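Reader: I have a model on screen and want to learn how to read it. Can you take me through it feature by feature?

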Amino acid sequence: MREEQSNKPSQKNKNPKKPWFWPLIYAGFSVAFIGMIWGYNVYVDTDTAGESKWTDAGKDPDKVTIETNAQAESMKYPFKETLLDSMEIVQHFYDMEADEATREKSLLVFDQTYKASTGVSLSMNGEPFEVVAAMSGKVEEVNLDPFMGDEIVLSHVDGMQTKYRSVTGILVKAGDQVDQGQALGTATENEYNPTAGVHLQFEVLKEGVLVNPESLLAF
């Protein structure tokens with residue numbers, strides 16, 4: 001009987017305790033949880049950095065300010081608006097569809113030949129007046145020509161250009177960014193069109209094609 005009792009398997013040996021099992025499970029869950037938090041933070045930081053790059057890319061103050069303003073503005077007179085009542089168009093833009101009187105006022109005589117006006121010639125009782133930018137934009141050219149009259153060419157959004165000819169005391173140079181209403185110089189006279197006296201020759205182009213400034217401005 002004693003031998004049979006001694007040969008029975010012990011309960012303690014059948015189900016041995018494993019004191020390391022549950023701590024290992026807890027540690028595994030902890031590592032996985034920390035990994036999820038770390039991965040989330042990396043994702044958020046990367047996404048935020050991407051948004052920051054897009055934001056920083058648009059922080060060129062000159063370019064952004066001028067383009068935004070230009071898109072929101074309409075063309076204004078190339079002189080101070082307070083002078084409007086004193087301003088006269090001495091030569092109109094030559095338009096084949098205009099009435100006869102307007103067409104006659106859009107011609108000038110040079111070297112015994114009639115020339116069609118490509119803009120409007122503006123005069124203020126033959127007196128000098130300040131010439132200003134009709135729209136915000138960039139100075140593309142400053143052409144010095146004592147015979148035709150010194151000229152400033154500005155480029156604007158949507159492929160527009162404005163030209164200011166017969167100007168003296170020019171205050172800008174090629175490459176400058178200008179705001180609408182900014183002073184460019186002073187109207188003067190030239191040898192090409194002496195009958196107009198002191199005047200500004202103002203021209204507007206869209207995609208390189210001359211258009212009548214009077215269709216954009218209520219002179």
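**Starting from one arginine**

Author: Begin with arginine 165, which lies in strand β8. Keep in mind that this is a predicted model.

Reader: Is arginine 165 buried or exposed?

Author: Read the relative accessible area. Buried means under 20%. Arginine 165 has 17% relative accessibility, so the residue counts as buried.

Reader: Which side chains have polar contacts with arginine 165?

Author: Glutamate 151 is one of them, with a polar contact of 2.8 Å to the arginine 165 side chain. Glutamate 203 is another, and its side-chain contact to arginine 165 is 3.0 Å.

Reader: Which residues does arginine 165 touch once sequence neighbours are set aside?

Author: Leave out residues up to four places away in sequence. Arginine 165 then touches Met148, Gly149, Asp150, Glu151, His199, Leu200, Gln201 and Glu203.

**Salt bridges**

Reader: How do I read a salt bridge, and how many are there?

Author: Look for a side-chain nitrogen of Lys or Arg within 4 Å of a carboxyl oxygen of Asp or Glu. By this rule there are four salt bridges.

Reader: Which residue forms a salt bridge with glutamate 203?

Author: Arginine 165 does, and the closest N and O atoms are 3.0 Å apart. Check the sequence positions next. Glutamate 203 is in strand β12 (residues 200–206) and arginine 165 in strand β8 (residues 160–165), so the pair links distant parts of the chain, 38 residues apart. Both glutamate 203 and arginine 165 are buried.

Reader: Which residues are linked in a network of salt bridges?

Author: Glu151, Arg165 and Glu203 are linked in such a network.

Reader: Which parts of the chain does the pair of glutamate 130 and lysine 80 tie together?

Author: Take the bridge itself before its location. The two side chains meet in a salt bridge, at 3.4 Å from N to O. Glutamate 130 lies in strand β5 (residues 130–132), and lysine 80 in the loop between α4 (61–72) and β1 (88–91), so the pair ties together parts that are 50 residues apart in sequence.

Reader: How accessible are glutamate 130 and lysine 80?

Author: Glutamate 130 has 31% relative accessibility and counts as partly exposed. Lysine 80 is partly exposed too, with a relative accessible area of 46%.

Reader: What about the salt bridge of aspartate 176?

Author: Its partner is lysine 173, and the closest N and O atoms are 3.1 Å apart. Lysine 173 has a relative accessible area of 53%, which makes the residue exposed.

**A sheet**

Reader: How do I read strand pairing?

Author: Strands of a sheet pair through backbone hydrogen bonds, either parallel or antiparallel. Then find the order of the strands. Here three strands form an open sheet in the order β5-β11-β9, with antiparallel pairing.

Reader: Which are the edge strands?

Author: β5 and β9 are the edge strands, since each pairs on one side only.

Reader: How many bridges join β5 to β11, and how many join β9 to β11?

Author: β5 and strand β11 (residues 183–187) pair over three bridges. Strand β9 (residues 167–168) is joined to β11 by two bridges.

Reader: Which residues stand opposite each other?

Author: Valine 131 stands opposite glycine 185 in β11. Valine 132 stands opposite alanine 183 in β11. From β9, threonine 168 stands opposite threonine 186 in β11.

**Core and whole chain**

Reader: What does the largest nonpolar core contain?

Author: That core has 30 residues, and those with the most contacts inside it are Leu122, Phe129, Tyr164, Leu184, Leu200 and Phe202. β4 (120–123), β7 (151–155), β8, β11 and β12 each supply at least two of the core residues. The largest share, three residues, comes from β12.

Reader: What does phenylalanine 129 touch?

Author: Again skip residues up to four places away in sequence. The contacts of phenylalanine 129 include Phe79, Leu83, Met87, Leu122, Gly185 and Leu200.

Reader: Which totals describe the protein chain?

Author: The chain has five helices and 13 strands. Of its 219 residues, 31% count as buried. The accessible surface comes to about 14700 Å², and 54% of that belongs to carbon and sulfur atoms. For contact range, take contacts between residues at least 6 apart in sequence: 64% of these join residues at least 24 apart.

How values were computed. Residues numbered from 1 in each chain as written. Predicted model: local features only at pLDDT ≥ 70, side-chain atom pairs only at ≥ 80, totals over all residues. Heavy atoms only, no water. Helix = DSSP H or I, 4+ residues; strand = E, 2+ residues; numbered from the N terminus. Buried < 20%, exposed > 50% of the residue type's maximum accessible area, 1.4 Å probe, protein only. Pairing = 2+ DSSP bridges. Polar contact = N/O pair within 3.5 Å; in protein donor to acceptor, adjacent residues only side chain to side chain. Contact = heavy atoms within 4.5 Å. Areas by Shrake-Rupley, 256 points an atom, 1.4 Å probe, with all protein chains shown as cover. Core = buried A, V, L, I, M, F, W, Y, C linked by side-chain atoms within 4.5 Å.
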